[in-house]
Amino acid sequence: MLIRYIDQLKDLAGKKIFIRVDFNVPQDEKGNITEATRIVGAVPTIRYAVEQGAKVVLASHLGRPKGEKKPKYSMAPASKKLAQLLGKKVVQAPDCFGPEVDRLIEAMKPGDVVMLENVRFYPGEEKNDPDFARQLANGCEIYVNDAFAVSHRAHASVEAITKVIPVVAAGFLMKNEMTFFDKAMQNPVRPLVAILGGAKVSGKLEVLEKLVNKVDKIVIGGGMAFTFLKAQGYAVGKSLVEDELLGTAKKIMEQAKKRGVTFYLPVDCVVANAFEATATNFITTVQEIPAGWMALDIGPASATLFTETLRDAKTVIWNGPMGVFEMDAFARGTFQVAEAVGNCYATTIIGGGDTDAAVNKAGVATKVSYISTGGGAFLELLEGKVLPGVKALDIKVK
Ligand code: AMP
């Protein structure tokens, strides 16, 4: 694959450039943006295009309007936030295409920025409809994808549009994502350690099967650890277990052993008598989880053990919390691992919304090498898949 980046394009001045961004940001009931990381992440690409004198047309999705124009999912608050960050006017278009949008784009001067309305207001977006892609292109001459978090979706503004606009490239956010991923997975400095957590094994099965053939150590925490512990013969009470995957869990551990990959599971945990923030809880070893109790976090000995495994790591990939970190009583394990990742002398890459939130809450966001903006897209890269949005930028096949 050969990907061109926006700074490799010549003569942007005066050209209409379509930049697919991912401004799918959380908002409160009043429409205030509560977390703007994704908008901040796209600013370097937008600013570059503006400084080059391009006419910048932006497009994004927001939420799940399911093909209907629902004002609640308008891009207007995101445009406003972007204008603040850029320090310049961003014109919010009333639609994705049509006479009014044509007029706005016609009137653009070099360096102007127009934000189209939510691309998911039309069913053609998620159907990857070529006709919708043609309408969306609005006569733009250059297409840039800077929306990593949606690049695992073959949607019209990510995939079909690259067949309509002749010149395609990736933005700087995309470049960062791909560069760090390559550094971690294609050419890792070893030891390479993967830390996986989160609710279920089933959600990360393909990732596990891939990683076990790639990494030097695997650390498993979160709900998924208990399927592995049960597969080893432990009684895990009412902890989250996927019984149908016990055989698969065993196979993954056998494969790890065969390849000389060291495999770490929690040695202790915080158990509770209910899945509630105020439930009675205590710390116990994994050998002594009482019947009727459920493990909702790793324990302090596991946090120390996991920290120890990172001591000689040179590359660390982390996806998924170590416990139900949304509840304070079960957040300690995740924060301790976040701190350990933040403090280790390695290239550290964090993927997935939950893990990102944990690293921020633990106050170590500035100490990790890279926080991916993609959850699903990051996992698909780990699974070894080629993302449709990235494949569409391959200029070798253009
Ligand atoms: P995932 O989307 O698979 O990364 O899962 C994230 C979710 O896993 C979070 O909402 C956590 O609350 C949940 N989780 C982590 N550990 C446990 C656990 N021991 N039991 C139940 N849920 C868990």
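**Reading a ligand site, a helix and a loop residue**

Me: Which residues are closest to the ligand, and how many surround it?

Reply: A residue is near a molecule if one of its heavy atoms lies within 4 Å of it. Here 14 residues surround the ligand, and the closest are Ala199, Lys204, Ala295, Glu326 and Asp354. This is a predicted model: local features need pLDDT of at least 70, side-chain atom pairs count only at pLDDT 80 or more, and totals for chains, interfaces and linings use all residues. Residues are numbered from 1 along each chain as its sequence is written, and side-chain values use heavy atoms, with hydrogens and water left out.

Me: How does the shell around the ligand divide by residue type?

Reply: Ala, Val, Leu, Ile, Met, Phe, Trp, Tyr, Cys and Pro count as nonpolar; Asp, Glu, Lys and Arg as charged; the others, Gly among them, as polar. The shell holds 7 nonpolar, 4 polar and 3 charged residues.

Me: Which N or O atom of Glu326 faces the ligand, backbone or side chain?

Reply: Side chain. An N or O atom there is 2.4 Å from an oxygen atom of the ligand. Ala295 uses a backbone N or O atom, 3.1 Å from a ligand nitrogen. A polar backbone atom of Gly223 is also 3.1 Å from a nitrogen atom of the ligand. The protein buries 77% of the 510 Å² that the ligand exposes when taken alone. Such areas come from the Shrake-Rupley method with a 1.4 Å probe.

Me: Now helix H5. Which of its residues are buried?

Reply: Helices are DSSP runs (H or I, at least four residues), strands likewise (E, at least two), numbered from the N terminus. Buried means under 20% relative accessible area (1.4 Å probe, protein chains only). In H5, residues 130–137, the buried ones are Phe132, Ala133, Leu136 and Ala137.

Me: Why do they line one face?

Reply: An α-helix has 3.6 residues a turn, so residues three or four places apart point the same way. Down the axis of H5, the buried residues fall within an arc of 140°, so they line one face. The arc is that of the directions from the helix axis to the C-beta atoms. Their cover includes strand E1 (16–20) and helix H4 (123–126).

Me: What follows H5?

Reply: Asn138, with a positive phi near 45°.

Me: Where is Glu159, and is it buried or exposed?

Reply: Glu159 sits in the loop between strands E5 (142–145) and E6 (167–170). Glu159 is buried, at 16% relative accessible area. Its side chain makes a polar contact of 2.9 Å with that of Lys163. Within protein, a polar contact pairs N or O atoms within 3.5 Å, one able to donate a hydrogen and the other to accept it; residues adjacent in sequence count only if both atoms are side-chain atoms.

Definitions and conventions:
Buried means under 20% relative accessible area, exposed over 50%, partly exposed in between (1.4 Å probe, protein chains only). Contact means heavy atoms within 4.5 Å.
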